[in-house]
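Please look over the interface, the core and the salt bridges of the complex shown here. A short report follows the display.

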Amino acid sequence: MELVISLSIGVLAGSGIWLLLRPRSFQVIIGLSLISYAVNLFIFSTGRLKSDAAPILETGRDIATYADPVPQALVLTAIVIGFAMTALFLVVLLASRGLTGTDHVDGRER
Amino acid sequence: MTAIVDHLVILPIVVPMLAGVILTLINERHAATKLAINISATLLLLVVSLLLLWKFGTGDGSLTEVYRLGNWPVPVAITLVGDRLSAVMVALVSFLALGCISYAAARWHRGGSHFNTLFQLLLMGLNGAFLTGDLFNLFVFFEVMLAASYGLLLHGSGNARVRAGLHYIAFNLAASSLFLLGVSLVYAVTGTLNMADIAARLPTVPAESRSLLEAGLALLGIAFLGKAAMWPIGFWLPTAYAAASPPAAALFAIMSKVGVYVLLRLSVLLGAYGAEGFGHEWLLYGGMATIVFGTVGFLSSQDLPRMVGFGVLVSSGTLLAMLSYGDPAVTASAVYYLVISTLTIACLFLLSELLERGRAPEADILAVTLEAFGDEQEVEREQEVGITIPATMATLGISFALCAMLLAGMPPLSGFLAKFMMMAAVIGSDTGAGVGASTWVLVALLIVSGFATMLGLLRTGINRFWVPSAGEVPLVRVVEIGPIALFLGLCVALLVLAAPAMAYMENMAEGLYALSAG
């Protein structure tokens with residue numbers, strides 16, 4: 001499981017960074033989305049990887065059998081914020097496309 | 001009454017949030033009502049922040065108030081922490097906000113939709129970032145602040161703003177990802193997000209986890225240095241700030257200082273870490289590189305807003321280099337400089353538009369904006385009710401000269417005092433082996449950057465004020481010159497009351513470092 005998680009984080013982040021450095025604004029937004037997926041997976045994994053472990057405590061059971069709930073709460077917040085920011089960026093992207101007539105990030109073709 | 005005093009620490013967040021929510025619900029047609037709500041909320045915020053300033057001024061410098069949200073017990077609760085440093089920052093935000101909204105009341109608040117809402121939400125994000133005691137909540141408040149700033153940057157629309165906004169948003173989204181990575185790494189190693197708790201647990205971190213922790217802290221540092229616009233990652237700032245509408249740009253003057261503020265907090269936290277001077281060289285040399293880049297950019301820019309944008313870089317670089325010393329006396333004078341430079345830069349952003357008004361209209365982005373929004377009739381009506389100050393140009397000229405002296409650090413104004421105290425403090429900080437070469441270079445850079453600032457602003461001033469065919473005298477309303485007078489007045493007040501102000505700052509800095517040592 002560790003290998004799968006780390007490979008997927010690596011592939012997502014790598015593709016995201018490559019796309020972020022591309023000149024088309026659509027590529028940039030997809031790159032940012034991929035990076036935020038990678039970051040979300042990363043936050044999730046900082047609570048240590050466990051399967052079949054519940055994040056909600058019951059009294060009288062060993063605390064080591066539970067999953068850490070804090071990274072799950074963090075990742076939920078990060079997803080919501082990331083989603084809102086992506087939507088906002090999309091609006092600006094469309095406004096830029098409409099005003100400049102090109103989808104180049106600098107607003108003009110080189 | 002006592003109940004309200006107990007909740008004083010959360011009020012700077014609650015007041016703008018409620019105001020922002022109420023403003024969202026009111027239709028854009030009621031522009032006057034929205035403006036009135038915005039101004040009253042800002043005034044209320046000012047009162048709250050002055051109370052905070054007074055409250056933390058009564059005790060000694062290490063007085064800290066922890067506010068537990070929902071009154072949960074200590075390890076579970078998400079905390080807000082108020083101390084002198086955050087009180088100073090919140091007070092600076094509210095003065096700045098009052099000036100900006102007063103300026104915007106003349107016409108900018110109608111330049112696009114939801115200006116008032118975004119304005120209050122930006123204040124909420126700023127105050128939250130200054131008051132939070134929790135690393136993840138810092139991220140949330142950062143995002144609130146950034147989201148509002150994206151909207152404010154685009155306020156007034158137009159090609160330049162959208163293009164600058166695109167770069168600004170992309171850069172900040174990437175920086176936020178780094179922030180999240182850093183926060184989660186710190187959590188993975190220490191098992192907590194509370195800043196005070198992190199500081200307490202740092203010495204117990206096992207040796208094999210230290211590299212992971214340092215990687216996390218470095219990622220956090222890069223995110224904040226990006227916000228503070230350190231040299232290799234600060235290219236976005238002058239373009240974005242120059243494109244923003246003047247009241248928004250003036251308010252943004254504090255946003256780069258948020259990065260500096262968090263770095264100060266982090267470096268104080270790391271004082272308990274044992275790794276002496278972790279990352280301090282980065283701050284010192286990065287700060288010096290930023291000063292050089294800002295100075296060169298300042299001299300090479302043609303228009304005033306862009307020039308002031310580079311002035312923000314110089315001020316950020318100075319502060320970053322000062323932080324690297326980790327010395328209470330240096331930090332105290334750096335915070336004094338932070339207040340002065342923020343007010344001066346905000347003042348110059350506002351002035352730049354007023355000066356631009358008397359010039360050829362085709363060079364003015366404002367004209368394009370007004371055209372796009374079809375506001376021409378309203379402008380004519382405003383011209384009828386507007387009060388033309390006699391000798392407008394003289395007032396503007398005097399304000400501009402004062403700003404130039406403050407920013408360059410010329411005597412006798414407080415800008416000089418701030419720079420002088422910083423230089424004295426960095427030279428005085430090496431008591432043992434004499435003053436290091438890097439310190440002398442830093443002092444030289446401070447002097448050269450001040451001289452270059454003077455030179456650049458002098459050139460601009462000559463071009464604007466001493467040209468006979470400068471066009472018609474710009475029409476300036478009282479609410480527009482008012483904030484400039486307010487900011488300059490505050491700088492003068494800080495000069496007159498320099499002794500008590502510096503005593504306040506020194507107590508604050510000693511308290512900060514005493515907390516981390518104890």
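Predicted model: local features only at pLDDT ≥ 70, side-chain atom pairs only at ≥ 80, totals over all residues.

Residues are numbered from 1 along each chain as its sequence is written, chains are lettered from A and ligands numbered from 1 in the order in which they are written, and side-chain values use heavy atoms, with hydrogens and water left out.

## The interface

The size of an interface is often given as the accessible area lost when the parts come together. Between chain A and chain B, the buried area is about 2,400 Å². Carbon and sulfur atoms give 81% of that area. Here buried area means the accessible area (1.4 Å probe) that two parts lose on being put together, summed over both. Leu74(A), Met85(A) and Val92(A) supply 21% of what chain A buries against chain B, more than any other three residues.

Chain A brings 30 residues to the contact and chain B brings 26 residues. Contact means heavy atoms within 4.5 Å. Zero salt bridges are found across this interface. A salt bridge is a side-chain nitrogen of Lys or Arg within 4 Å of a carboxyl oxygen of Asp or Glu. Four residue pairs, both at pLDDT 80 or more, are in polar contact across the interface of chain A and chain B. A polar contact is a pair of N or O atoms within 3.5 Å; within protein, one must be able to donate a hydrogen and the other to accept it, and residues adjacent in sequence count only if both atoms are side-chain atoms.

On the side of chain A that touches chain B, the elements giving two or more residues are α2 (25-45) and α3 (69-100) of chain A. Helices (H or I, at least four residues) and strands (E, at least two) are DSSP runs, numbered from the N terminus. The largest share, 15 residues, comes from α3(A). By class, this side of chain A has 20 nonpolar, six polar and four charged residues. Ala, Val, Leu, Ile, Met, Phe, Trp, Tyr, Cys and Pro count as nonpolar, Asp, Glu, Lys and Arg as charged, and the others, Gly among them, as polar.

## The core

The largest nonpolar core has 193 residues. Such a core is a set of buried Ala, Val, Leu, Ile, Met, Phe, Trp, Tyr and Cys residues joined through side-chain atoms within 4.5 Å. Phe89(A) and Phe142(B) have the most contacts inside it. Helix α15 (residues 328-357) of chain B gives the most to this core, with 19 residues.

Beyond its neighbours within four places in sequence, Phe142(B) touches Ala129(B), Phe179(B), Phe224(B), Lys227(B), Val258(B) and Val262(B).

## Salt bridges

Over all chains, the structure holds five salt bridges.

| Pair | Closest N and O atoms |
|---|---|
| Lys34(B) and Glu28(B) | 3.0 Å |
| Arg201(B) and Asp197(B) | 3.4 Å |

Asp103(A) lies in the segment after α3 of chain A and Arg24(A) in the loop between α1 (2-20) and α2 of chain A, so the pair ties together parts that are 79 residues apart in sequence. Asp103(A) is partly exposed at 29% relative accessibility, and Arg24(A) is partly exposed at 27%. Buried means under 20% relative accessible area, exposed over 50%, partly exposed in between (1.4 Å probe, protein chains only).

Arg201(B) and Asp197(B) sit four residues apart in helix α8 (residues 195-201) of chain B, about one turn of the helix.

## Two buried residues

Trp236(B) belongs to helix α10 (residues 236-243) of chain B. Trp236(B) is buried, at 9% relative accessible area. Its side chain reaches the backbone oxygen of Gly226(B) at 3.4 Å. The backbone oxygen of Ile233(B) lies 3.1 Å from a polar atom of the Trp236(B) side chain.

Thr79(B) is in strand β2 (residues 79-82) of chain B. Thr79(B) is buried, at 5%. Its side chain makes a polar contact with that of Asn194(B), at 3.3 Å.
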